[in-house]
Amino acid sequence: MANSTTVTEFLLMNFAERWQLRLLHSMLFLLIYLVTLLGNLLIVTVTTIDPKLNMPMYFFLRNLSVLDMCYVTVTVPNACVNSLTGNSAISVAGCAAQVFLVIYFAYVELVFLTIMARDRYVAICQPLHYPVVMNYHCCVQMTLASLLSGLVYAGVHTGQTFQLTFCQSNVIHQFFCDVPSLLRLSCSDTSSNFLLILFSAIVVIGGCLIFITMSYIHIFSTVLKFPIREQGKVFSTCVPHILVVSVFLSSILSVYLKPSVNSETIQDMILPVFYTIVPPFLNPIIYSLRNTQVKEAMKKVILRNFYSGK
């Protein structure tokens with residue numbers, strides 16, 4: 001069906017009306033954005049140049065960091081510019097691109113987190129089979145499959161959304177274009193869109209959640225047989241990963257499975273922050289501070305640059 005939208009642009013919302021508050025919001029978002037970029041770039045650097053980190057776990061961590069830098073760039077810079085300038089207009093094509101990219105990066109992020117849970121499962125529960133099961137070619141194939149399937153997944157959701165007619169309003173009650181907000185603006189029948197979202201939640205999110213849960217059940221049952229000191233090391237790396245997955249999935253489900261209502265609140269704008277900004281911000285902190293090898297590699301890189309600068 002051809003796109004029969006009756007609007008040429010959408011208007012995004014700011015977190016506040018007063019310029020002083022918009023400035024504060026922009027500075028906060030900009031700080032988070034820069035810290036996110038710096039942290040993820042540092043992880044990409046150390047996992048690339050340090051030969052000791054040439055393992056599947058750090059291969060996926062490097063991919064996750066690259067993904068997170070792209071993911072956070074889709075929404076945060078545009079939100080900062082909109083708050084500072086007061087010009088929150090975005091074209092239909094720009095909105096469609098933003099919807100596609102947000103869905104794409106969120107999907108790949110979830111799949112990467114699922115693969116990383118499997119990596120930990122094989123490393124802890126089947127250590128002798130680890131080099132065979134998680135070999136380099138297998139890691140590359142899983143990465144490519146995640147990236148390519150994400151294109152299809154995001155394309156289907158974006159296409160299904162922008163075949164609708166938008167005639168009620170062009171004001172999106174969100175700081176970026178997202179599917180739930182657009183569905184509330186449509187005057188077309190959106191039942192098929194909600195069925196697609198529900199189907200995706202059950203198959204994709206539900207499948208990944210079950211896989212991650214089963215992996216950690218096996219991991220924890222195996223770890224309980226380890227000495228107390230070894231248990232602490234494993235739990236210190238697994239629990240933060242579970243925390244990130246929990247925040248990521250719970251916020252997505254809260255936004256996308258929320259009943260469609262006309263009244264919007266500030267909570268509707270804050271919830272998406274927990275799946276678009278928080279995971280990319282937390283991932284470098286979690287996987288660097290909780291990992292001795294990564295911390296040592298970071299120290300080497302920082303010291304090397306410090307002394308080379310002299």
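Cys-95 is buried, at 0% relative accessibility. In this predicted model, Cys-95 is joined to Cys-177 in a disulfide, with 2.2 Å between the two sulfur atoms. That bond is the one disulfide that the structure holds. A disulfide is a covalent bond between the sulfur atoms of two cysteines. Here the torsion about the S-S bond is about -125°, so the disulfide formed by Cys-95 and Cys-177 is left-handed. Cys-95 belongs to helix α3, whereas Cys-177 sits in the loop between β3 and α6 (179–185); the bond therefore ties together parts of the chain that are 82 residues apart in sequence.

Other cysteines present another picture. Cys-70 takes part in no disulfide, since its nearest cysteine sulfur, which belongs to Cys-80, is 17 Å away, and a disulfide requires sulfur atoms within 2.5 Å. Cys-70 is partly exposed, at 35% relative accessibility. Cys-125 is also partly exposed, with a relative accessible area of 23%.

Helix α3, which carries Cys-95, runs over residues 92–125. Its 34 residues should span 50 Å at 1.5 Å a residue, and the end C-alpha atoms lie 49 Å apart, which agrees with that expectation. Of these 34 residues, 26 are buried, so α3 is largely enclosed by the rest of the structure.

The UniProt record, an unreviewed entry, places the annotation "transmembrane region" on residues 23–47, 89–115, 136–156, 194–217, 238–257 and 269–289. Two of these segments may be compared with the model. Residues 23–47 are 100% helix and 0% strand, with their end C-alpha atoms 36 Å apart. Residues 136–156 are likewise 100% helix and 0% strand, and here the end C-alpha atoms are separated by 31 Å.

Aromatic contacts form a further theme. A pair of aromatic rings is described by the distance of the centres and the angle of the planes. With ring centres required to lie within 6.5 Å, the count comes to twelve aromatic pairs. One of them joins Phe-10 and Phe-166, which are edge-to-face with 5.5 Å from centre to centre and 85° between the planes. This pair links distant parts of the chain, 156 residues apart: Phe-10 lies in strand β1 (residues 9–12), and Phe-166 in the loop between α5 (136–161) and β3 (171–172). Phe-10 is buried, with a relative accessible area of 0%, and Phe-166 is buried as well, at 1%. In the pair of Phe-175 and Phe-176, the ring centres are 4.9 Å apart and the planes stand at 70°, so this pair too is edge-to-face. Phe-175 counts as buried at 2% relative accessibility, and Phe-176 is buried with a relative accessible area of 0%. Elsewhere, ring pairs link Tyr-71, Phe-100, Tyr-104 and Phe-105 into a cluster.

The confidence of the prediction remains to be considered. The chain averages a pLDDT of 85, and 90% of the residues score at least 70. Confidence is highest in α5, at a mean of 95, and lowest in helix α12 (residues 292–309), at a mean of 66. Over residues 1–5 the pLDDT is below 50, although this stretch has twelve contacts in the model beyond near neighbours in sequence. Where pLDDT is low, the predicted coordinates should not be read in detail.

Terms used:
Residues are numbered from 1 along each chain as its sequence is written. This is a predicted model: local features need pLDDT of at least 70, side-chain atom pairs count only at pLDDT 80 or more; totals for chains, interfaces and linings use all residues. Side-chain values use heavy atoms; hydrogens and water are left out. Rings of Phe, Tyr and Trp (its six-membered ring) pair if their centres lie within 6.5 Å; planes under 30 degrees apart count as stacked, over 60 as edge-to-face and the rest as tilted. Helices (H or I, at least four residues) and strands (E, at least two) are DSSP runs, numbered from the N terminus. Buried means under 20% relative accessible area, exposed over 50%, partly exposed in between (1.4 Å probe, protein chains only). pLDDT is the predictor's confidence in each residue, from 0 to 100. Contact means heavy atoms within 4.5 Å. UniProt positions are given in the numbering used here, feature names are shortened, and annotations may be inferred rather than shown by experiment. The expected span of a helix is 1.5 Å times one less than its number of residues.
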